[in-house]
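Okay, everyone, thanks for coming.

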Amino acid sequence: MQQIFATIVSFVAVAKTRAEQEKGATAVEYGLLVGLIAVAIIVTVGLLGTKLNTLFSSIKDALPGGAAPAAPAAG
């Protein structure tokens, strides 16, 4: 009976250690994913930024009253 209890205790200890190691690895993996996603967004905005600005400007100009509103008078 004592041997079974010792086996169960050691199994729980190994499982606990393994779970803690998994959490650390998972956090690192999520950090890497967030970094890669950020780089992809920055590169995409850098490459498509001027094209999108041109596209939205042409859409704005095609709409009726497409001119920008005048600034409010001071005072």
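**One helix and its surface**

So, the protein chain here has 1 helix and 0 strands. Keep in mind that this is a predicted model. The helix, α1, covers 2-62, and the protein chain has 75 residues, of which 1% count as buried.

Now the surface. The protein chain has an accessible surface of about 6,900 Å², and 73% of that belongs to carbon and sulfur atoms.

Which residues form a nonpolar patch on the surface? That would be Val39, Val43, Leu47, Leu48, Leu52, Leu55, Phe56, Ile59 and Leu63. Together they have about 840 Å² of accessible area. Leu63, by the way, sits in the segment after α1.

Okay, on to charges. The count is 1 salt bridge. Asp61 pairs with Lys60, and the closest N and O atoms are 3.4 Å apart; the cut-off is 4 Å, so the pair counts.

And are those two buried or exposed? Asp61 has a relative accessible area of 55%, so Asp61 is exposed. Lys60 comes in at 39%, so Lys60 is partly exposed.

Methods. Residues are numbered from 1 along each chain as its sequence is written. This is a predicted model: local features need pLDDT of at least 70, side-chain atom pairs count only at pLDDT 80 or more; totals for chains, interfaces and linings use all residues. Side-chain values use heavy atoms; hydrogens and water are left out. A salt bridge is a side-chain nitrogen of Lys or Arg within 4 Å of a carboxyl oxygen of Asp or Glu. Buried means under 20% relative accessible area, exposed over 50%, partly exposed in between (1.4 Å probe, protein chains only). Patches are made of residues with over 30% relative accessible area and no salt bridge: like charges are joined within 9 Å, nonpolar side chains (Val, Leu, Ile, Met, Phe, Trp, Tyr) within 5 Å. Accessible areas come from the Shrake-Rupley method with a 1.4 Å probe; for residues, only the protein chains shown count as cover. Helices (H or I, at least four residues) and strands (E, at least two) are DSSP runs, numbered from the N terminus.
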